[in-house]
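Me: Hi! I have a model open and would like to go through a few residues and the open spaces with you. Can we start?

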Amino acid sequence: MANELHITLPDGSTRVLPAGATARDLAAQIGPGLAKAAIAARVNGEVRDLDRPLPDGVSVSILTDKDPQALDVLRHSAAHVLATAVRQLFPKAGIGFGPPIEDGFYYDFEVERPFGPEDLEAIENKMAEVAKADHPFVREEVSREEAKRRFKDDPLKLERIDDLGANEVISVYTDGPFVDLCRGPHVASTGKVKHFKLLHGAGAYWRGDERRQMLQRIYGTAWFTKDDLDAYLRRLEEARKRDHRVIGKALDLFSIQEDVGPGLIFWHPKGAMINFQLRRFIEDVILARGYQLVYTPHVTREQLFLRSGHLPLYAENQFPPMAAGEGESEEVKYRVKPMNCPMHILVYASQQRSYRDLPIRLAEIANVYRNERSGTLHGMLRVRGLSMDDAHIFLREDQITDEIFALLDIVDLVLGKTFGLAYRLDLATRPLKKLGDDQMWDVAERGLEDALKRRGLTYRIDHGGGAFYGPKIDVKFNDAIGREWQGATIQLDYELPERFKLEYTGTDNTAHRPVMIHRAIYGTLERFVGFLIEHFAGAFPLWLAPEQVRVLPISDGQLEAARRVAETLTQAGLRVHLDDRNDTLNYRVRDGELMKVPYLAVVGQREADNGTVAVRARGAGKKQEVLPVGDFVERLRQEVHTRSLTPLV
Ligand SMILES: [Zn+2]
Ligand SMILES: [Zn+2]
């Protein structure tokens, strides 16, 4: 009947409501508790305002603050509250975009000068007034002409209106004095935005385009409860102390140089030692598991990437072509490689392969280059030059499950057992932009899922998160302060073997096509080391610490004895530094602590006479233990050998 709505609830039951009823009415019908807790509604999968009339025949779930998407709604509303406040204080401010982001929101403004800390304070106070006024968020649908009329003084919004498709519904939201062109949804009123904080300002190009004008972005965070807000601000403070860019500079691990360009990492000796130890570890692990190392070129004729399908699909992430080498046709173009896959494929294809040879596992810790936007680069975590611990495994279809098992073993050994990380797995399925037909994807997705199931692992499905050539298992873990990181990835690929017509001779003596797995355990060394710096706050476990022991003679009288201790430790394969500066012992101890050296070995006259050292372990304060030098060496060797995360001394 036309004057009734039939609504399906998440549990499958149906409700009848009068025509014109809203999700709020539905919530009230279900119960007063839900009506009170309701933030927004999910209508046929799309999140909408609570006060929008419901269409007939839809399924609806009511979002409360327990639903992660409700936070997006709150934060987007907080962004409008921010814009409302900015417009009151800076009436001429142009308004750009104001989306929710992870843990918060931002809004971009076109203003004459950057916002300073005192501006942010004034804006935050004004936001509190806007929230207190409890203006309802009112949604209207308007024609294109009407939208242009309303935003005639806002050139950024006018540009946005021109981009909207002919059939797109144009909606505007008003809260008190502020109107914004916006898809929504929003909370019911500004009063719902209670627990927020403005964090910082930053310049941001309009639409992320370096050729357009610079806008002033204000970042903020918003939460449903004060406890959540406080906990987040504490996490933020902790994260600031662990920032790998700050620690990386303080410990002299790496740099990025203006002369060379953004996103390209210089590994200084101490950072390079960490890099080296990580490489050596993973290479030892995989060489013991049937992998073979290869080294392949960094530049290639671009036709290789046409054949692999990276061009044009991946073109925006690749650096533009460079001209041919001397003596080659001018039509030939070269590219620096963004990935190693086609290179390893050529090694595979360089000879006849039999079913007995498979799996063939080719590994290379290789530098690849990706043309990331300069605005998105971030220290070591987002770079243009990447050192991937890459490998490509060529195998028969019947070997997939065993190989995925073996890969999950390596993941567990490296991330779980060695770094003590609690990780979880995502199965990422076919994306929109993809190669190959759906049938191929069905087989590949089932292959990975079967392996996960048979291993009895729990995992989540990341719909549409796969690589363009195949589905993948992504490994995610949390750091010491609870932030989530993406680590290893295992990708199954039927597409590239097809494109390169790879073959092996089967038991039946005819040619078959192998399957391929792309995998990285650390991901990239840049990102992984960036993670390790923040996770350990610079206090690396002994096996990774660039400087493992610092030997400190109390005075010149013990210099000779200290030198002998340092020599003994060095001979035992440990990384030692003798601090024989003329500064006081207290000063030198403090410096060793600041540099996060795992062990300080102090040599006084008594130690010099007895062949001992007074050992201070990092983090143990003034506590020290006097040990014969030989015992000290043995314990350190043991700690390195077991890659212990905690001191054995
Ligand atoms: Zn909006
Ligand atoms: Zn690959």
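Me: Where is the place of histidine 535?

Reply: Histidine 535 sits in helix α16. Keep in mind that this is a predicted model.

Me: Thanks. Is histidine 535 buried or exposed?

Reply: Histidine 535 counts as buried, because its relative accessibility is 14% and the cut-off for buried is under 20%.

Me: And which residues does histidine 535 touch, leaving out those up to four places away in sequence?

Reply: With those sequence neighbours left out, histidine 535 touches Arg242, Phe419, Leu421, Asp479 and Ala480.

Me: Let's switch to the pockets. How much space lies in the largest pocket?

Reply: The largest pocket holds about 2400 Å³ of space. Its lining is made up of 49 residues, and those nearest the centre are Ile101, Glu102, Tyr219, Tyr232 and His378.

Me: Which elements give two or more residues to that lining?

Reply: They are helices α3 (68–89), α7 (226–242) and α16 (525–536), along with strands β8 (104–110), β12 (195–205), β13 (214–223) and β25 (484–493). So helix α16, where histidine 535 has its place, is on the list for the largest pocket.

Me: Which one gives the largest share?

Reply: That would be β12, with 6 residues.

Me: How does the lining of the largest pocket divide into nonpolar, polar and charged?

Reply: The lining has 19 charged residues, 18 nonpolar ones and 12 polar ones.

Me: OK, what about the second largest pocket, how much space lies there?

Reply: About 1200 Å³. It is lined by 35 residues, and Tyr314, Arg370, Glu372, Lys472 and Gln491 are the closest to its centre.

Me: Which element gives the most to that lining?

Reply: Strand β28 does, with 6 residues. The elements that each supply at least two residues are β21 (385–395), β24 (472–478), β25 and β28 (515–524). Strand β25 also turned up in the list for the largest pocket.

Me: And the classes in the lining of the second largest pocket, how many of each?

Reply: There are 14 nonpolar, 11 polar and 10 charged residues.

Me: New topic: where does aspartate 65 lie?

Reply: Aspartate 65 is in the loop between β5 (60–63) and α3. Aspartate 65 counts as partly exposed, because its relative accessibility is 32%, between the cut-offs of 20% and 50%.

Me: What does the side chain of aspartate 65 make a polar contact with?

Reply: The partner is the side chain of lysine 66, at 3.1 Å. Beyond four places in sequence, aspartate 65 touches Ala37, Ile39, Ala70 and Phe224.

Me: How far apart are aspartate 65 and tryptophan 223, in sequence and in space?

Reply: Aspartate 65 and tryptophan 223 are 158 residues apart in sequence, but 9.2 Å apart in space from C-alpha to C-alpha.

Me: Which residues line the largest cavity?

Reply: Among them are Leu251, Leu253, Lys270, Phe540, Met595 and Pro598. By class, this lining has 8 nonpolar residues, 3 charged and 1 polar.

Me: And how does the lining of the second largest cavity divide?

Reply: That lining has 5 nonpolar and 5 charged residues, with no polar ones. Glu283, Asp389 and Arg519 are among the residues there, and α9 (269–287), β20 (360–369) and β21 each supply at least two.

Notes: Residues are numbered from 1 along each chain as its sequence is written. Chains are lettered from A and ligands numbered from 1 in the order in which they are written. This is a predicted model: local features need pLDDT of at least 70, side-chain atom pairs count only at pLDDT 80 or more; totals for chains, interfaces and linings use all residues. Side-chain values use heavy atoms; hydrogens and water are left out. On a 1 Å grid over the protein atoms alone, a cavity is a set of points where a 1.4 Å probe fits but cannot get out, and a pocket is an open set with protein on both sides within 12 Å along at least five of seven lines; lining residues have an atom within 4 Å of a point. Grid points are joined across faces, edges and corners, and a volume is the space filled by probe spheres set on the points. Helices (H or I, at least four residues) and strands (E, at least two) are DSSP runs, numbered from the N terminus. Ala, Val, Leu, Ile, Met, Phe, Trp, Tyr, Cys and Pro count as nonpolar, Asp, Glu, Lys and Arg as charged, and the others, Gly among them, as polar. Buried means under 20% relative accessible area, exposed over 50%, partly exposed in between (1.4 Å probe, protein chains only). Contact means heavy atoms within 4.5 Å. A polar contact is a pair of N or O atoms within 3.5 Å; within protein, one must be able to donate a hydrogen and the other to accept it, and residues adjacent in sequence count only if both atoms are side-chain atoms.
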